[in-house]
Amino acid sequence: MKRTQRARRLSRELFRLCLVNGLLDAGRVRGAVRRIAESSHRDRFGVLKGFLQLVRLDSARHTATVESAEPLPSEIQSELQAGLARVYGPGLNTSFTHSPALIGGMRIRVSSDVYDGSVRGRLAALARRF
């Protein structure tokens, strides 16, 4: 189903109404989805699709995943969180995982940004050069 220009505009307006201090409010999002689903508006599916796409993009933009070869001490985790918050702004949810396959170093992913400082990543880059 092709979304109309009006449905896209309504999706963006709804998304803006769900922001509180620059961050999405989960209660407002649930209320908006419920109201769209219950409405008899002819573009409701296009509006809902566009709105949910914007919510997913915002969620990815505010989620950071840090993979490291060894478990990181809590002081390093807090320093990483503070540094990422300075770069990406407040409201960033950070998760830390232990991945021995990295061999050494760490990989940080925030939305589509990937910072790969792992040994595995460097070996893969070296292999691509040959």
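A: Let's start with L84: leaving aside neighbours within four places in sequence, L84 is in contact with A64, V66, G89, L92, T94, I108 and V110, where contact means heavy atoms within 4.5 Å. This is a predicted model, in which local features need pLDDT of at least 70 and side-chain atom pairs count only at pLDDT 80 or more, while totals for chains, interfaces and linings use all residues. Residues are numbered from 1 along each chain as its sequence is written, and side-chain values use heavy atoms, with hydrogens and water left out.

L84 sits in helix α4 (residues 74-88); helices here are DSSP runs of H or I with at least four residues, strands are runs of E with at least two, and both are numbered from the N terminus. One of the contacts of L84, V110, is 26 residues away along the chain, and the C-alpha atoms of the two are separated by 9.0 Å.

L92 also leads us to another residue, H62, which touches L23, P90, G91, L92 and N93, not counting residues up to four places away in sequence. H62 lies in the loop between α3 (44-61) and β3 (63-68). H62 counts as buried because its relative accessibility is 14%.

How values were computed
Buried < 20%, exposed > 50% of the residue type's maximum accessible area, 1.4 Å probe, protein only.
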